[in-house]
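Let's take a walk through this one, going from strand pairing to cores to aromatic rings. Keep the viewer open as you read.

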Amino acid sequence: RRNKKGELLQMKSIRRVIFYLLITIPLFSDYHINNGKIFYGNDKLEKERFVTEMKSIRDVDVTTFKRLTALYAVDSEKVYYKGEAVEGIDRNSFEIIRLDLAKDKDSLYFGNNKLDISSKGFSFLGNISNAPSAQVGINTSVYFKNFESIYYAVFDIEKNKVIKIKKIENADKNSFKSLRNDFAMDKGSVYYKGEKLEGVTYGQIEILEKSDKVDDRKVPGYRK
């Protein structure tokens, strides 16, 4: 009986999660062409019914418009993200790195957000492929580098928001590597969430790095 009761509670929890996802996550977001005009639409379930929100894209060159993904599109002069022109981006050198993350010859972009970071020499650190993949998202937190430094970034994927980007000062670029659970290390130091753990060795955090979940309070030397 206990097992049966537990199974029922688990099923109820699963149903709640599924229902929450259905009412909060857009199901179909994409570009649409109708009567010579271009729209960006979101279809989502609200109060047990589907609602379509269509937004007309202003000042778009319909003759050269090209949908790249459900998020990004271009015309002869502009780059669009979810139907909005991305300010300041160079159309000719624009390239999608991951689902929301893109770059031009000078800078990185996360959706409509221009990051004050050079795109020159950009690459992910850790067990992440650096092959461009427009259909694959990035982790909510990630270490990456460019020609001048190493960075730790935290993104809110659902809200298209950059939570944090930290430049890691004086890290050794040649030996730096990203580990699990927001840990990283180079030949002389250990890092957690972009912060250097003063006087801490890998042996002191090895169990945490390999665990399923990390409590910040248990990370030696970490100060928020």
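Glutamate 95 has lysine 103, in strand 9, as its bridge partner. Keep in mind that this is a predicted model. Strand 8 and strand 9 (residues 101-103) run antiparallel and are joined by two bridges.

Now for the nonpolar side of things. The largest nonpolar core has 19 residues, and Tyr31, Phe65, Tyr72, Val79, Tyr80 and Phe94 are the ones with the most contacts inside it. At least two residues of this core come from each of strand 2 (37-46), strand 5 (72-74) and strand 6 (79-81). Apart from this core lies another, of 14 residues, including Ile117, Val142, Phe144 and Tyr151.

Back to phenylalanine 65: leaving out residues up to four places away in sequence, it touches Tyr31, Ile38, Val60, Ala73, Val74, Asp75 and Tyr80. Phe65 also belongs to an aromatic cluster, together with Tyr31, Tyr40 and Tyr80.

How many aromatic pairs does a search of the whole structure find? The count is 14. One to look at is phenylalanine 183 with tyrosine 192: the ring centres sit 4.7 Å apart and the planes make an angle of 40 degrees, so the pair is tilted. Phenylalanine 183 is buried, with a relative accessible area of 0%, and tyrosine 192 counts as buried too, at 2%.

Conventions: Residues numbered from 1 in each chain as written. Predicted model: local features only at pLDDT ≥ 70, side-chain atom pairs only at ≥ 80, totals over all residues. Heavy atoms only, no water. Core = buried A, V, L, I, M, F, W, Y, C linked by side-chain atoms within 4.5 Å. Buried < 20%, exposed > 50% of the residue type's maximum accessible area, 1.4 Å probe, protein only. Helix = DSSP H or I, 4+ residues; strand = E, 2+ residues; numbered from the N terminus. Contact = heavy atoms within 4.5 Å. Phe/Tyr/Trp six-rings, centres within 6.5 Å; stacked < 30°, edge-to-face > 60°. Pairing = 2+ DSSP bridges.
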